[in-house]
Amino acid sequence: QVQLVESGGGLVQPGGSLRLSCAASGSIFSIANMAWYHQAPGKDRDLVATITNSGSTNYADSVKGRFTISRDNAKNTVYLEMNGLKPEDTAVYYCYATKYYSEIKMSTAYWGQGTQVTQL
């Protein structure tokens, strides 16, 4: 099993910045892609950014140029640097990770519990 623990959420001023962290623990071997999702009250859980094991990134259009996803494989941690925060960024942010076993073509997905980000 893999456990994902998010941290770094909180209250920020309009246009402010925040850095979220997600630390993976447990059976971290074979973790492939990691991602951040967010979910506002009454809304669907939407993809924010993804990063592959090799460092390739992808972003939702709404956060391009403002957010940066990165990872430190040695620390088994993924980060989300959020800049220029807007009211619509207010949501619970969830860390997501997948494991892939190429030998048996098996994938497993894991979710963190979420961390609240609120733009005042």
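Which residues does Arg 19 touch, not counting residues up to four places away in sequence? Arg 19 touches Ser 7, Gly 8, Tyr 79, Leu 80 and Glu 81, where contact means heavy atoms within 4.5 Å.

## Basis of the description

This is a predicted model, in which local features need pLDDT of at least 70 and side-chain atom pairs count only at pLDDT 80 or more, while totals for chains, interfaces and linings use all residues. Residues are numbered from 1 along each chain as its sequence is written, and side-chain values use heavy atoms, with hydrogens and water left out.

## Overall architecture

The protein has eleven strands and zero helices; helices (H or I, at least four residues) and strands (E, at least two) are DSSP runs, numbered from the N terminus. Read along the sequence, the pattern is β-β-β-β-β-β-β-β-β-β-β.

The radius of gyration of the protein is 14 Å, which agrees with the value near 14 Å that a compact globule of 120 residues would have. This radius is taken over C-alpha atoms, and the globule rule is 2.2 Å times the number of residues to the power 0.38. Along the principal axes, the C-alpha atoms fill a box of roughly 45 × 25 × 25 Å. Of the 120 residues, 39% count as buried; buried means under 20% relative accessible area, exposed over 50%, and partly exposed in between (1.4 Å probe, protein chains only). Among contacts with a separation of 6 or more, 54% are accounted for by residues 24 or more positions apart.

## The four-stranded sheet

An open sheet of four strands has the order E1-E3-E8-E7, with antiparallel pairing; two strands pair if DSSP finds at least two bridges between them. E1 and E7 stand at the edges with a single partner strand each, so one side of each is left without a neighbour in the sheet. Neighbouring strands of this sheet are turned by 15 degrees against each other on average, direction ignored. The axes behind this angle are lines fitted to C-alpha atoms, for helices over the stretch in contact, and angles run from 0 to 180 degrees between N-to-C directions.

E1 and E3 run antiparallel and are joined by six bridges. Val 2 has Gly 26 in E3 as its bridge partner, and Glu 6 has Cys 22 in E3. E3 is also joined to E8 by six bridges, again antiparallel, and the partner of Ala 23 in E8 is Thr 77.

Arg 19 also has its place in strand E3. Arg 19 is partly exposed, with a relative accessible area of 46%. Its C-alpha atom is separated by 23 Å from that of Ala 109, a residue 90 positions away along the chain.

In soluble globular proteins, nonpolar side chains tend to be buried together. The largest nonpolar core here has 28 residues, and those with the most contacts inside it are Leu 4, Met 34, Trp 36, Leu 80, Met 82 and Tyr 93. Two or more residues come from each of strand E1 (2-7), strand E3 (18-26), strand E4 (31-39), strand E5 (45-51), strand E7 (67-72), strand E8 (77-82) and strand E9 (91-101). A nonpolar core is a set of buried Ala, Val, Leu, Ile, Met, Phe, Trp, Tyr and Cys residues joined through side-chain atoms within 4.5 Å.

Leaving aside neighbours within four places in sequence, Met 34 is in contact with Leu 4, Cys 22, Ala 49, Thr 50, Ile 51, Ile 69, Arg 71, Val 78, Cys 95, Tyr 96 and Ala 97.

## Disulfide

The count comes to one disulfide, defined as a pair of cysteine sulfur atoms within 2.5 Å. Cys 22 and Cys 95 form this bond, with their sulfur atoms 2.0 Å apart. Cys 22 lies in strand E3 and Cys 95 in strand E9, so the pair ties together parts that are 73 residues apart in sequence. The torsion about the S-S bond is about -85 degrees, so the disulfide is left-handed. Both Cys 22 and Cys 95 are buried.

## Positive phi in loops

Ser 30, found in the loop between E3 and E4, has a positive phi near 75 degrees, although the residue is other than glycine. Lys 105, in the loop between E9 and strand E10 (106-111), has a positive phi of about 55 degrees and is likewise not a glycine. Lys 105 is exposed, with a relative accessible area of 64%.
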